[in-house]
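Let us read a structure together, one feature at a time. Please look at the sequence and the model, and keep both in view as we talk.

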Amino acid sequence: MSNSLKPLVNDKKLYDAFTEHIENTIRLTQRSLEQAHTLVDVHRLQGSIHTLRRLLKLREEVNGPS
C-alpha cells in the first residue's frame, strides 16, 4: 500500500495541497466540536480530528523513519 502513496507524499506541491486541505478540515471539525450538543457528537468529532491528524503524518508513515 505505501508504495502507491509515495508519489503523493514525495511531490511537494501535491503534498502541501493535501496537508492544507486536511488542516482546513480539522479547523472546520473543531468548530463543529465546539457546537456539539450530544456526547455522541463530541466523540464522533474527536475521532474525526484524530484520524485527520494521523493523515498529517502520512509522509513519515509511508517513507519510514529518516
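A: A residue is called buried when its relative accessible area is under 20%, exposed when that area is over 50%, and partly exposed in between, with a 1.4 Å probe and protein chains only. This is a predicted model, in which local features need pLDDT of at least 70 and side-chain atom pairs count only at pLDDT 80 or more, while totals for chains, interfaces and linings use all residues. Residues are numbered from 1 along each chain as its sequence is written, and side-chain values use heavy atoms, with hydrogens and water left out.

Q: Which residues of α3 are buried?

A: Helices are DSSP runs of H or I with at least four residues, numbered from the N terminus. In α3, the buried residues are Leu45, Ile49 and Leu52. Viewed down the axis of α3, the buried residues fall within an arc of 65°, taken from the directions from the helix axis to the C-beta atoms, so they line one face of the helix.

Q: What do the buried residues of α3 pack against, and which exposed residues does the face turned away from the buried side carry?

A: Contact means heavy atoms within 4.5 Å, and the buried residues of α3 pack against α2, which covers residues 12–34. The face turned away from the buried side of α3 carries Leu39, Val40 and His50, which are exposed.

Q: How many residues does helix α3 have, and what should they span?

A: The expected span of a helix is 1.5 Å times one less than its number of residues. Helix α3 runs over residues 39–55, and its 17 residues should therefore span 24 Å, which agrees with end C-alpha atoms that are 25 Å apart.

Q: How many salt bridges does the count come to?

A: A salt bridge is a side-chain nitrogen of Lys or Arg within 4 Å of a carboxyl oxygen of Asp or Glu, and by this rule the count comes to three. In one of them, Asp16 pairs with Lys12, and the closest N and O atoms are 2.7 Å apart; both residues lie in helix α2, four residues apart, about one turn of the helix. Asp16 is partly exposed at 32% relative accessibility, whereas Lys12 is exposed at 58%.

Q: Which residue does Arg44 meet in a salt bridge?

A: The side chain of Arg44 meets that of Asp41, at 3.7 Å from N to O. Arg44 is partly exposed, with a relative accessible area of 48%, and Asp41 is partly exposed too, with 28%.

Key. Helix = DSSP H or I, 4+ residues; strand = E, 2+ residues; numbered from the N terminus.
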